[in-house]
Amino acid sequence: MKVMNLVQAINDALDIKLKEDKSVVVYGEDVGVEGGVFRVTEGLQVKHGVERVFDSPLAESGIAGTALGMAISGMKPVIEMQFDGFSYPAFNQILSHISRFRNRTRGKYSVPMVIRIPYGGGINALEHHSESPEAYFGHTPGLKVVIPSTPYDAKGMLIAAIEDPDPVIFMEPKRIYRAIKQEVPEERYSIPLGKAKVLQPGEQITIIAYGAMIREAQKAIVIAKQQGFSVELIDLRSIWPIDRETISQSVRKTGRVLVVTEAPQSYGPAAELISIVNEEAFLSLEAPPTRLTGFDTVIPLPMGEKHYMISPERIASEIERLIKY
Amino acid sequence: MLDQKTLDKYDPIHNKAYQLIDDEGRPLDKTWKPRLSNEEILQAYKDLVFERTADFMAVSYQRQGRMYTYPPNLGQEAIHIAAGLVTQEQDWLVPAFRELGAWLAKGVSLKELFLYFKGSEDGSRFEKANRVLPISVPISSQLPHAAGLGYAINYNKEKDTAVFAYVGDGGTSEGDFHEALNFAAVWNAPVIFIIQNNQFAISVPLKMQTKSINLAIKGLAYNIPSLMVDGNDFFAMHEALSYAREQAVAGKGPFLIEARTFRAGAHTTSDDPSKYRTKEEEEHWAAKDPLKRLKGYILHSKIADLKDEEELIKEFKKHIDSEFEAAEKHPEYKVEDMFGYMFAELPDELKRQKNAYENYLRGVK
């Protein structure tokens, strides 16, 4: 075991896959010599060579589209969109081709590739550097979309994503890249995609969150506990497919659910999760299934971000309201 | 034969298309000899007649209501037949959507083509065609795939292998066209980009598409050898494509060909060209028809008298009809066909949606 943060765990997963599978290549903007703007790919080019870990021209559609070409000819590209907001120029490739090639060709060609996207706010960054675009990808048939919140999960889920025979959008909560440290096994292991995890068992309410919101929820639970409330916390981990089973079991037990996402509200992941709760646990509900999400506004520049980002206090206040409903 | 000197002479900046035969099929240079044998030339003629016949038949099936929207190839066939001869088994074909003869040469069956335009994904299965990508509907978006395939060829050290990627004149305005050219050039990828400049992007004429003096010139900025070719001259196309492939597999990177041609038919069966182009324009290009020119060459060179063309077309029609009938007999579209190819393994959520719908269907029966 070795203590790692998210950046180190992701780097470790890439290193392991590059070592054991010659078909894996890693590329994107600044991922080679510089090791990525967040240093996630640091040292990998020196270890594995410039043909396998390299800087590409600065064009996200080109990065995604060329990766599809590599993937259908048997390679396993792991590409990086430097920031969440820079994935938008690649939408045509991701939505029109990468997600559809297996279906379009009746399985003759598959697209085993991973698109890594550092995402989310709270890092005092420029515009287009703090977005939460997971709903766009989750809404797109043919993509798996996953988000780890811990170094342990990040390593195991990235290895699983690279080994997956289909395209996986791997979103990395950049706000907690270096904030969370954890003991992580040095050897290879993988964590099946599509499974949520109960991080903390509780009795009165279920909180469903993912990514950087997990940490905020955990802080909120400390406050709630002082108020005498018992809260169950689920780390969704997979935006698509959604783990219906874990969610419905939990809400049937607690009778209340609060979904916390940084993404804007309308048509977002929280709406989807609440629909599932309604379908699966309607008769167990003791309070309206509720969401606490980003606003349907553009996420503000750093001076205004405090109003957009969801604080532990706001989560705790919703917990109290729903338990007392 | 093309060489660097000729390439310099036809630098796109001079805005002159590379051409070997005139509108009647006579060689422009009396000393020129094609690199193909008489048998190969005769076969190319037959393949061109076959493509044209299949294309006519496809339009008529559509008119009979037996097939949906279809994009005719009429007038552009020399490009496809020449490319079919040059493209090898191990090469990748990255189509746009109007390259019928090139697909057939790679082993795509007419049944599959008809199936696709009858509305089934099974038409993109390409059971006997290796390394052919399916039709790409969003314009130009297929070109980055070609650059990626080229990277993979280099990465896997595959010998004697190239990628043939197609786009139309309108496609050169898309960002993906430029990104693909740039990636392929930076990666020295063995990709031959073929722009079929048929003068119109549906209804929009070339002069509204670009202010560039031609489309080949767009390759120069990326340091890609680029050549404008008379796309209705089978021999010029064959020579240019052969040269481009030789360069690509010799490790010299991508090549760009602008094939100047004319879409003699409609954009698709849903389109009416009389709205946006003149009779004069159509007649001007009809005089340059690729089949007429190839036949002219064969007749002038006394390779064959071509008297059995009607017989040939009759034979072709029988075969084409049988392929269409096979497409019509294709099994009905099942629920499984919609869900079954989304992922290698169907995720639980899709199983749930599929089961719910199937239960509903069972209840209805």
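Two strands are said to pair if DSSP finds at least two bridges between them, and in this predicted model strand β5 (residues 114-119) of chain A pairs with β7(A) in the parallel sense over six bridges. That pairing belongs to an open sheet of seven strands in chain A, a chain that is divided into domain 1 (2-184) and domain 2 (197-323) and that also makes a contact with chain B.

**Overall form of chain A**

- Chain A holds 12 helices and 14 strands, and its C-alpha atoms fill a box of roughly 60 × 40 × 40 Å when the box is taken along the principal axes.
- The radius of gyration of chain A is 19 Å, which agrees with the value near 20 Å that a compact globule of 325 residues would have.
- Of the 325 residues of chain A, 56% count as buried, and among contacts between residues at least 6 apart in sequence, 80% join residues at least 24 apart.

**The seven-stranded sheet**

- The strands of this open sheet in chain A run in the order β3-β2-β4-β5-β7-β6-β12, with mixed pairing.
- At the edges stand β3 (53-55) and β12 (238-240) of chain A, each of which pairs on one side only, while the twist from one strand to the next averages 20°.
- Within the pairing of β5 and β7 of chain A, which is parallel, Val114(A) has Val168(A) in β7(A) as its bridge partner.
- Helix α1 (residues 6-20) of chain A packs on the sheet, where it touches β2 (24-28), β4 (76-80) and β7 of chain A, and the direction of α1 makes about 135° with that of β2(A).

**The two domains of chain A**

- The C-alpha centres of domain 1 and domain 2 of chain A lie 26 Å apart, and the contact between these domains takes 24 residues from domain 1 and 22 residues from domain 2.
- On the domain 1 side, the elements that give two or more residues are α6 (134-138), β6 (144-146) and β7 (168-173) of chain A.
- The residues on that side of domain 1 of chain A divide into 10 nonpolar, eight polar and six charged.

**Chain B and its contact with chain A**

- Chain B is divided into domain 1 (4-333) and domain 2 (334-365), and the centres of these two domains, taken over C-alpha atoms, are separated by 39 Å.
- The contact between the chains takes 32 residues from chain A and 31 residues from chain B.
- On the side of chain A that touches chain B, α3 (60-72), α4 (91-98) and α5 (101-104) of chain A each supply at least two residues, and the largest share, eight residues, comes from α3(A).
- This side of chain A is made up of 10 nonpolar, 16 polar and six charged residues.

**Gly142 of chain A**

- Gly142(A) is placed in the loop between α6 and β6 of chain A, and it counts as buried because 21 other C-beta atoms lie within 10 Å, where 20 or more are needed.
- Leaving aside neighbours within four places in sequence, Gly142(A) is in contact with Ser99(A), Arg100(A), Asn103(A) and, in chain B, Met342(B).
- Although Gly142(A) and Arg100(A) are 42 residues apart along the chain, their C-alpha atoms are separated by 6.1 Å.

Methods
Residues are numbered from 1 along each chain as its sequence is written. Chains are lettered from A and ligands numbered from 1 in the order in which they are written. This is a predicted model: local features need pLDDT of at least 70, side-chain atom pairs count only at pLDDT 80 or more; totals for chains, interfaces and linings use all residues. Domain bounds come from an automatic or database domain assignment. Two residues are in contact if their C-beta atoms, placed from the backbone, lie within 7 Å. Helices (H or I, at least four residues) and strands (E, at least two) are DSSP runs, numbered from the N terminus. Ala, Val, Leu, Ile, Met, Phe, Trp, Tyr, Cys and Pro count as nonpolar, Asp, Glu, Lys and Arg as charged, and the others, Gly among them, as polar. The radius of gyration is taken over C-alpha atoms; the globule rule is 2.2 Å times the number of residues to the power 0.38. A residue is buried if 20 or more other C-beta atoms lie within 10 Å of its own, exposed if 12 or fewer, and partly exposed in between; C-beta atoms are placed from the backbone. Axes are lines fitted to C-alpha atoms, for helices over the stretch in contact, and angles run from 0 to 180 degrees between N-to-C directions.
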